[in-house]
Amino acid sequence: MGIEISKISKRFGSTCALREVDLELKEQGLYGLLGNNGAGKTTLFNVITNRLYPDSGSVRVDGAETADRDDVLGKIYMMGEENYYPEDMKVRKAFELTSLFYPAFDKARALELSRQFGIDTKKKITKLSTGYASIFRMILALCVNTPYLLLDEPVLGLDARHRDMFYKALIEKFAETPCTVVISTHLIQEVAHIIGHAVVIRDGAIIKDAPTETLLEGCWSISGPRDKVADFVRGKNAVEESIIGGLSSVLLDGLAEDVPIPDGLEKQKATLQDYFIALMDKEEQRDESSCSQSI
Amino acid sequence: MIRYLNQERPIFLQIADMLKDAILSGAYPEDSQIPSITEFSVAYNINPATALKGVNLLVEEGLLFKKRGLGMFVASGARKQLIGQRKEGFYRDYIQPMIWEAKHLEITSGELLEMTERGMEEHGDRNQ
């Protein structure tokens, strides 16, 4: 049935952190929540898990309102930055404690992942380095086996090798025991092929929400001599242009696959990261122009 | 057999190509089981649905078949079918660009034939 978020708004003083957010997270989907720092990703996760009360709107999980319903909230696990374990608790003990709260917690898998990542389960949680503290929280998230998993910047502080190991462990978990995963990150390129659905959040509002494939359909970058590129893109939906001397490259949205490309120009599929950056730049420009108009 | 994925083509098509190469080279022999969707998606860091889409392309072409409860297998005759497919593309993908470049370099058809003979000899002319 999934998670239905409707008309969620949340203010912190004069800052509007979420603006009438509507979002549906379907069962067995792998979602990427993409946004710059301060866009509202963590706030949205905190509202979904009822750690923050929204000013208005509602969250439903499998049809039931989450507000103060522990049974409903038990279906969601959020991996964030905080630890909720007693200070002097050891990793292995924390795994045992987790199985009490999450009956489906796979302790054997948690110990296996701990070995793979080289985490010392006899160590106190608070004595773990930043990277290993992240790995510890990530292992918990991958093993609780709740139907919904929210991962807030899960690879923060992880080196390249550990990030790769994490993505592989996540894909394996998702493929073997289907669940709904939402992963918030600003390392877009690393998750581009992993997520099936991209949700772009900016300034507390959702500006794109589509399957990754659909989002990038018709998104091409056209490059070549400046005047030739300009001729070709005239009348088409140009999202961004970058110029290096006499060469220019334009990111087009909504270009049909069979449009012939003139000689001397090159056409390349836009990546999710290219698209995201172009989208953010465009929104920024729109903000600036609307500001100057109001002045 | 693990190649890096590129940005130029959709990922599921690249997975399909990789599978075809593997069947052609004998890395995945006929009647043998291929790795699972989980293994492919983990190896390439891709969404399992994308891996499945690539595998399904080969199922549609009759190169792979599903054994219920067991997994995917390479069909018998798959290699021959692939060779047939590739031969059709050979003229367009290799001969035409070669002629094009040969013209640029002012290579005559006699010289071209000579080079082809030499190439075949150097590779042991296995198919003759």
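Student: Which residue in S9(A) does Leu33(A) stand opposite?
Tutor: This is a predicted model, in which local features need pLDDT of at least 70, side-chain atom pairs count only at pLDDT 80 or more, and totals for chains, interfaces and linings use all residues. Residues are numbered from 1 along each chain as its sequence is written, while chains are lettered from A and ligands numbered from 1 in the order in which they are written. Strands here are DSSP runs (E, at least two residues) and helices likewise (H or I, at least four), numbered from the N terminus. In S9(A), the residue opposite Leu33(A) is Val199(A).

Student: In what sense do strand S3 and strand S9 of chain A pair?
Tutor: Two strands pair if DSSP finds at least two bridges between them. Strand S3 (residues 30-34) and strand S9 (residues 197-202) of chain A have four bridges, and the sense is parallel.

Student: Which are the edge strands of the open sheet in chain A?
Tutor: The six strands of this sheet, with mixed pairing, follow the order S6-S7-S8-S3-S9-S10. Those that pair on one side only are strand S6 (76-79) and strand S10 (205-211) of chain A.

Student: Which element gives the most residues to the side of chain B that touches chain A?
Tutor: Counting residues as in contact if their C-beta atoms, placed from the backbone, lie within 7 Å, 13 residues of chain B meet 15 residues of chain A. The elements giving two or more residues to that side of chain B are helix H2 (37-44) and helix H3 (48-60) of chain B. With four residues, the element that gives the most is H2(B).

Technical notes. Contact = placed C-beta atoms within 7 Å.
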